[in-house]
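Visitor: Could you put the model up and walk me through how its helices pack?
Guide: Here it is.
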Amino acid sequence: MNNAEMRSRLTLIGLSLKQLSTITGWDYRELRRTANGVRPVSPRTQEMIERLEAMADEDLATMQATTDEGNAVVIPHFSDEGQAPYVADGGVMPGSYWHALAGAILATNEAATIIYVADDADE
């Protein structure tokens, strides 16, 4: 994975460098240097992005199954920045992640219904 591919793949799953830094606990400045081409993409960074992409694929499959059944997809906490531990049980990915996945569903299924739930609304 090169630096441009790193940025592109993060964009596809709706994550900024700052969010990746928050999710992983890694230094934002290091990630920025990598994204800008100052440093090559490390195996650790590549593996994390691949892990996040796999998680996104699983979430997309769940969302697609929901729309295939004729039900609306409910996006949790659309506007918040997520909740640690993010990629483990009990975590919530940032709203931009869910927005990117919703966009992917809508791009391939115009009949899909996506409902965004505000932070203070009951889910």
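Guide: The axes of helix α4 (residues 43-68) and helix α5 (residues 95-108) come within 10 Å and cross at roughly 50 degrees, where axes are lines fitted to C-alpha atoms, for helices over the stretch in contact, and angles run from 0 to 180 degrees between N-to-C directions. That makes α4 oblique to α5, since angles under 35 degrees count as roughly parallel, over 145 as roughly antiparallel, 65 to 115 as roughly perpendicular and the rest as oblique. This is a predicted model, in which local features need pLDDT of at least 70 and side-chain atom pairs count only at pLDDT 80 or more, while totals for chains, interfaces and linings use all residues. Residues are numbered from 1 along each chain, and side-chain values use heavy atoms, without hydrogens or water.

Visitor: Which residues in α4 and α5 meet?
Guide: From α4, M55, A56, D59, L60, M63, Q64 and T67 meet Y97, W98, L101, A102, A104, I105 and T108 of α5, contact being heavy atoms within 4.5 Å.

Visitor: Switching to α3, which of its residues are buried?
Guide: In helix α3 (residues 28-35) they are L31, T34 and A35, with buried meaning under 20% relative accessible area, exposed over 50% and partly exposed in between (1.4 Å probe, protein chains only).

Visitor: And what do they pack against?
Guide: The buried residues of α3 pack against α1 (3-12), α2 (17-24) and α4.

Visitor: What about S21, buried or exposed?
Guide: S21, found in helix α2, is buried, with a relative accessible area of 9%. Leaving aside neighbours within four places in sequence, S21 is in contact with W26, D27, Y28 and L31.

Technical notes. Helices (H or I, at least four residues) and strands (E, at least two) are DSSP runs, numbered from the N terminus.
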